[in-house]
Amino acid sequence: MNEKVAVYRKEHFNAAHRLHNNAFDEATNEKVFGKCNNPNFHGHNYELIVKITGVPDAQTGFVIDLKELSEIIRANVLARFDHKNLNLDVEEFKNLNPTAENIAIIIYKILRPLIKSDFDLQVRLYETERNFVEYPA
């Protein structure tokens, strides 16, 4: 059988950030980013869904062991992002605006080398209950 199946792992982390562009003046930052430009930062309860698509293993029936996937996410994403200030504590955001879009891209780049290359990987990140992004689109 050569049928692909998608499996999903949902994780959660809390993080603070500030949306800000140093090339903008304060008025432009306020206009573009609104409350998200608060100089004292603000936080979100992020929901992360990692989707792996592949052919189930003939012996186990798994695309990927979801316990193993959870450990990969916890060790490489949650350990770096959970209860952190993304602007100040996460190297990738020192010069990159930590928008939901950019966070999803960074998470993908962290995970991609850790997941077998014959599996497709997609990251869905909920910043709020109603706002979420997916990468790749």
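I started with the inventory: the protein chain has four helices and five strands. I took both as DSSP runs numbered from the N terminus, helices being H or I with at least four residues and strands E with at least two. Read from the N terminus on, the order is β-α-β-α-β-α-α-β-β. This is a predicted model, where local features need pLDDT of at least 70 and side-chain atom pairs count only at pLDDT 80 or more, while totals for chains, interfaces and linings use all residues. Residues are numbered from 1 along each chain as its sequence is written, and side-chain values use heavy atoms, with hydrogens and water left out.

**Overall**

I looked up the extent next: the C-alpha trace spans about 60 × 25 × 25 Å along its principal axes. Of the 137 residues in the chain, 41% are buried. Here buried means under 20% relative accessible area, exposed means over 50%, and partly exposed is in between (1.4 Å probe, protein chains only). I also checked contacts, meaning heavy atoms within 4.5 Å. Among those with a separation of 6 or more, 68% join residues 24 or more positions apart.

**The core**

Which residues have the most contacts inside the largest nonpolar core? I found Phe13, Leu48, Ile52, Val77, Phe81, Ile103 and Ile107, in a core of 32 residues. Such a core is a set of buried Ala, Val, Leu, Ile, Met, Phe, Trp, Tyr and Cys residues joined through side-chain atoms within 4.5 Å. At least two residues each come from β1 (5-17), β2 (42-54), α2 (66-81), α4 (100-111) and β4 (120-126). The most come from α4, which gives eight.

I then followed one of these residues, valine 77. Leaving aside neighbours within four places in sequence, valine 77 is in contact with Leu48, Ile72, Ile107, Ile110 and Leu111.

**α2 against α4**

The axes of α2 and α4 come within 10 Å and cross at roughly 140°. I note that axes are lines fitted to C-alpha atoms, for helices over the stretch in contact, with angles from 0 to 180 degrees between N-to-C directions. The two helices are therefore oblique to each other. For that label, angles under 35 degrees count as roughly parallel, over 145 as roughly antiparallel, 65 to 115 as roughly perpendicular, and the rest as oblique. On the α2 side the contact is made by Ile72, Ile73, Asn76, Val77, Arg80 and Phe81, and on the α4 side by Ile103, Ile106, Ile107, Ile110 and Leu111.

Histidine 20 sits in the loop between β1 and α1. Which side chains does histidine 20 meet in polar contacts? I found arginine 18 at 3.4 Å and asparagine 37 at 2.9 Å. A polar contact is a pair of N or O atoms within 3.5 Å; within protein, one must be able to donate a hydrogen and the other to accept it, and residues adjacent in sequence count only if both atoms are side-chain atoms. Not counting residues up to four places away in sequence, histidine 20 touches Glu26, Asn29, Phe33, Asn37 and Asn97.

Is asparagine 97 buried or exposed? At 18% relative accessibility, asparagine 97 counts as buried. With the same exclusion of residues up to four places away, asparagine 97 touches Arg18, Leu19, His20, Phe33 and Asn102.

**Ends of α1**

At the start of α1 (residues 26-33), I saw a side-chain oxygen of aspartate 25 within 3.3 Å of the backbone nitrogen of alanine 27. After α1 comes glycine 34, with a positive phi near 55°.

**Backbone notes**

Most residues other than glycine have a negative phi, and most peptide bonds are trans. With that in mind I listed these entries:

- Phenylalanine 41, in the loop between α1 and β2, has a positive phi near 75°; phenylalanine 41 is partly exposed at 22% relative accessible area.
- Histidine 83, in the loop between α2 and β3 (84-85), has a positive phi of about 55°; at 61% relative accessibility histidine 83 counts as exposed.
- Proline 136 is in the segment after β5 (132-135), and the peptide bond from tyrosine 135 to proline 136 is cis, with omega near -5°.
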